[in-house]
Amino acid sequence: MGESIASSECPECDGRLRVEGDETVCEACGLVVAEDRLDRGPEWRPLDGDRRERTGAPLTRSRHDRGLSTEIGRGGRRLTGRKRRLLRRLRRQHNRARIPTKSKRNLVYGFTEIRRIAEALSLPESTRDQACVIFERAQDEDLLRGRSIEGFAAASVYAACRMASFSRTVEEVAAVARADADELRVAYDPMNRELGLPTGPVDPSEFLPRFSSELNLPVRIEARARELLVDLRESGHLAGRNPCGVAAGCLYAAAREANYPLTQKRVAKVADVTPVTVRGTYRELAE
DNA sequence: ACGATTATTGCGTTCTT
DNA sequence: AAGAAAACAATAATCGT
């Protein structure tokens, strides 16, 4: 067989690949491996009323005007002073007209920040756009007043990741956002409450691929850790525990089982927990 | 405000080289 | 024998309810 259609490992980090919407993304690093947005029927635009009469270029959620903007360039410089002044005036007025209201301005700012965060986290487009949807809903529900836009931008990204089973910790998001972890939480809580986000508890297995590849562990160890995880789940041992810590503990146990050299300290570090926590789930596994 | 989980710190023990 | 890693314990901080 010539070129295989679906290789199942990420070319960057060997993480597992998953199809999400039009994209094939790496669960570990979020790299978009393949994109295919040709002829997939009507564009996916949730929560957007019935305005589906437009046609044209693919729309993106992450610009307030969904990419349908026109700019007046400053290309030719072979103009007389009078025409240059005219053009300059036109350009200024045009740019003003693009942003009709104050609230739109906030949207623009929020979307810009979301783009920036999503870029820093190498998130797939679909997740980024989902974050924009969430942000816009939050503003429509008037959740923003008295709270920071940056916090909501970060929280939107965090929420979108969780909804895509792509969870990042609030610390990870806050690290690249212009908001700290507290701001993120202060924004996320009302969003989760008022918007009724479909986010169940975070499954520790969502962290296995990323941790595993950061530690360069063989795939068989990650697979074994996944098995240990379902054991824990079935015996009800992971209620209320930090999912990162549980994932780290399973990786450690799997490595030790295979006599693969991996210290508690190292897994604990990539999982952003302490060795004590790793040990906690490790001994749970020794039933 | 409460109970459970986790972090932190310190220290005697076990494993590796 | 020396140094690192894992285990243990007590207290403080944090989180979910």
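1. A loop to begin with. Ser 122 sits in the loop that joins α2 (102-120) to α3 (125-140), and in this predicted model its phi is near 55 degrees, which is a positive value in a residue other than glycine. Ser 122 has a relative accessible area of 37% and is therefore partly exposed, since that class lies between under 20% for buried and over 50% for exposed.

2. With a relative accessible area of 61%, Asn 216 counts as exposed.

3. The chain as a whole. Chain A contains 11 helices and three strands, and when the chain is read along its sequence the pattern is β-β-β-α-α-α-α-α-α-α-α-α-α-α. Chain A has 287 residues, of which 40% count as buried. If one takes the contacts between residues at least 6 apart in sequence, 62% of them join residues that are at least 24 apart.

4. The length of helix α8. How far apart are the end C-alpha atoms of α8, and what span should its 16 residues have? Helix α8 takes in residues 219-234, and at 1.5 Å a residue these 16 residues should span 22 Å, while the end C-alpha atoms are 23 Å apart, so the two values agree.

5. The two sides of α8. The buried residues of this helix are Ile 221, Glu 222, Ala 225, Leu 228, Leu 229 and Leu 232. Because they cover an arc of only 115 degrees around the axis, they lie on the same side of α8. Arg 220 and Glu 234, on the other side of α8, are exposed. As for what the buried residues of α8 pack against, the partners are α7 (208-214), α9 (243-257) and α11 (275-285). Just after α8 comes Gly 236, which takes a positive phi of about 65 degrees.

6. The pair α9 and α11. These two helices pack at an angle of about 60 degrees, and their axes are 8 Å apart. This angle makes α9 oblique to α11, because the class of roughly perpendicular runs from 65 to 115 degrees. The crossing of α9 and α11 is right-handed. On the α9 side the contact is made by Gly 245, Val 246, Ala 248, Gly 249, Cys 250, Tyr 252, Ala 253 and Arg 256, and on the α11 side by Thr 277, Val 278, Thr 281, Tyr 282 and Leu 285.

7. Helix α10 and its surroundings. Which residues of α10 are buried? In this helix, which covers residues 264-271, they are Gln 264, Val 267, Ala 268 and Ala 271. Seen down the axis of α10, these buried residues fall within an arc of 100 degrees, and so they line one face of the helix. Lys 265 and Lys 269 are exposed on the other side of α10. The elements that cover the buried residues of α10 include α7, α9 and α11. Just after α10, Asp 272 has a positive phi of about 60 degrees.

8. Pro 261 lies in the loop between α9 and α10, and at 65% relative accessibility it counts as exposed. Although Pro 261 and Leu 217 are 44 residues apart in sequence, their C-alpha atoms are 9.8 Å apart in space.

9. The pair α4 and α6. The axes of helix α4 (residues 149-163) and helix α6 (residues 181-195) come within 8 Å and cross at roughly 65 degrees, and α4 passes α6 in a right-handed crossing. Where the two helices meet, α4 contributes Gly 151, Phe 152, Ala 154, Ala 155, Ser 156, Tyr 158, Ala 159 and Arg 162, while α6 contributes Glu 183, Leu 184, Ala 187, Tyr 188 and Met 191.

10. One residue of that meeting place. If its neighbours within four places in sequence are left aside, Ala 159 is in contact with Ile 134, Tyr 188 and Leu 197.

How values were computed:
Residues numbered from 1 in each chain as written. Chains lettered and ligands numbered in written order. Predicted model: local features only at pLDDT ≥ 70, side-chain atom pairs only at ≥ 80, totals over all residues. Heavy atoms only, no water. Helix = DSSP H or I, 4+ residues; strand = E, 2+ residues; numbered from the N terminus. Expected span 1.5 Å × (residues − 1). Buried < 20%, exposed > 50% of the residue type's maximum accessible area, 1.4 Å probe, protein only. Arc of directions from axis to C-beta. Contact = heavy atoms within 4.5 Å. Axes fitted to C-alpha atoms, helices over the stretch in contact; angles between N-to-C directions. Parallel < 35°, antiparallel > 145°, perpendicular 65-115°, else oblique. Left-handed = near helix turned anticlockwise from the far one by under 90°.
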